[in-house]
Amino acid sequence: MDELRALLQESLNGGLYQMTAGGPRKKDGDVRMKVRPVMLRDRLLFQAETFRGNQVFHRNLTAEEACEAVYGAMADFRQLSVKTESFEAEVLVSKKGKVTVRRREHAGEGKKIGSDAFRLAHNRKKEYILEEGRAVPFLIDLGVQTPDGRTVKSRYDKFRQVNRFLEFIADILPILPKDRCVRIIDFGCGKSYLTFALYYYLHELCGLNIRVTGLDLKADVISRCSALAEKYGYQKLDFQQGDIAEFEGEDSVDMVVTLHACDTATDHALYRAVKWGAAVILSVPCCQHEVNRQIRNEVLAPALKYGLVRERMAALFTDSVRACLLEEHGYETQLLEFIDMEHTPKNILIRAVKKQGEKENGHKKTGVKEMTEFLHVHTCLQRLFEEEGKQEHS
């Protein structure tokens, strides 16, 4: 590990841009670690971000402290990416602790720490997947950008939301097949900001072979989105009018997206995704009324008598039940913050990735049945899976 320590010391004392540790060895530990330089009160420090579940922890460290923090963390990670002003390096660490370093020097003098490229201050401009100042056709037509690529001030929240969504897509990119066309369904696509963003990112920027269908009940919305897709030449992006619960015509789908599908429409989309064996499910639920109408419990009655509290508790329990049911059907599931609370209360994204090598019927127990009985609720997604089970045994 001496080679790793030497690399860390050289990077931290010689123009580090960013280093990222990934490939966690433990299921319940940190999933990623990032280190980058920050300038605080004219002092160069290094901000360490560690990601655990849906939480992020920050520490500002000296070069020596950062070196020890990353060196120690690499016992729990398989790989490390390092980018500096003069070179880039990839580090692989085997189970037995063997370190392999692949290094590539930059041509020329490179960029210097303190220049605009490194933006060391805490108030540095955030780097988005869809860059500010770079005109994107669908964002212009949807009113998010001006023709010269500037973000419309009143639509900046939408610009942030689109980029936040693409960060989730970037995380699951390695899971998607590269040797064939990737099939993606977007249930309840609406005006399709995120549908167009998904297609643009995966096909135009990443070069992935994909076919995307957006489904919505509103004919005028489908007509407008279809016209825009044709205008941009997005040949493998189509829009159809229809109901999520009645959608047919697909034998298998790789990714199912459902963003703000109202109430139990989300449940039908999740159920259909599981039946297709979708590798990835991304869902931002909306208008969760079903549990709100049912929930009752003597112990929680003092809290549930307040309408606002009841509504929020019902929404949180609904998403928890959905996540647990996906886990029971072979998915590794997370509940993540979509965008900040001040921008919308509908800020939970369910991200589910199908586990490989598990039997379809090898359901794990999550305690969701006991929890819903305790709250006197029975959700649409529960009924859909139960009805399927009855049909299989009839």
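**Salt bridges and core of a predicted model**

Asp319 and Arg322 form a salt bridge, with 3.2 Å between the closest N and O atoms; the term denotes a side-chain nitrogen of Lys or Arg within 4 Å of a carboxyl oxygen of Asp or Glu. The model is predicted, so local features need pLDDT of at least 70 and side-chain atom pairs count only at pLDDT 80 or more, while totals for chains, interfaces and linings use all residues. Residues are numbered from 1 along each chain as its sequence is written, and side-chain values use heavy atoms, with hydrogens and water left out.

**Around Arg322**

- Asp319 and Arg322 are about one helical turn from each other, because they lie 3 residues apart in helix α10; helices (H or I, at least four residues) and strands (E, at least two) are DSSP runs numbered from the N terminus.
- Asp319 is buried at 4% relative accessibility, and Arg322 is buried with a relative accessible area of 2%; buried means under 20% relative accessible area, exposed over 50%, and partly exposed in between (1.4 Å probe, protein chains only).
- Arg322 also meets Asp267 in a salt bridge between their side chains (2.9 Å, N to O).
- This pair links distant parts of the chain, since Arg322 belongs to helix α10 (residues 307-328) and Asp267 to helix α7 (residues 265-276), 55 residues apart.

**Other salt bridges**

- The whole structure contains 18 salt bridges.
- One of them joins the side chains of Glu250 and Arg211 (3.9 Å, N to O).
- Glu250 sits in the loop between β10 (237-241) and β11 (255-262) and Arg211 in strand β9 (residues 210-216), so the pair ties together parts that are 39 residues apart in sequence.
- Arg211 is partly exposed, at a relative accessible area of 34%.
- A network of salt bridges links Glu10, Arg103 and Glu105.

**Nonpolar core**

- In the largest nonpolar core, which has 49 residues, Phe138, Phe165, Phe196 and Leu202 touch the most other members; such a core is a set of buried Ala, Val, Leu, Ile, Met, Phe, Trp, Tyr and Cys residues joined through side-chain atoms within 4.5 Å.
- Helix α5 (residues 193-205) gives the most to this core, contributing 9 residues.
- Leaving aside residues up to four places away in sequence, Phe165 touches Leu194, Leu198, Val257, Leu259, Leu282 and Phe338; contact means heavy atoms within 4.5 Å.

**Whole chain**

- The protein chain has 12 helices and 14 strands.
- Of its 394 residues, 44% count as buried.
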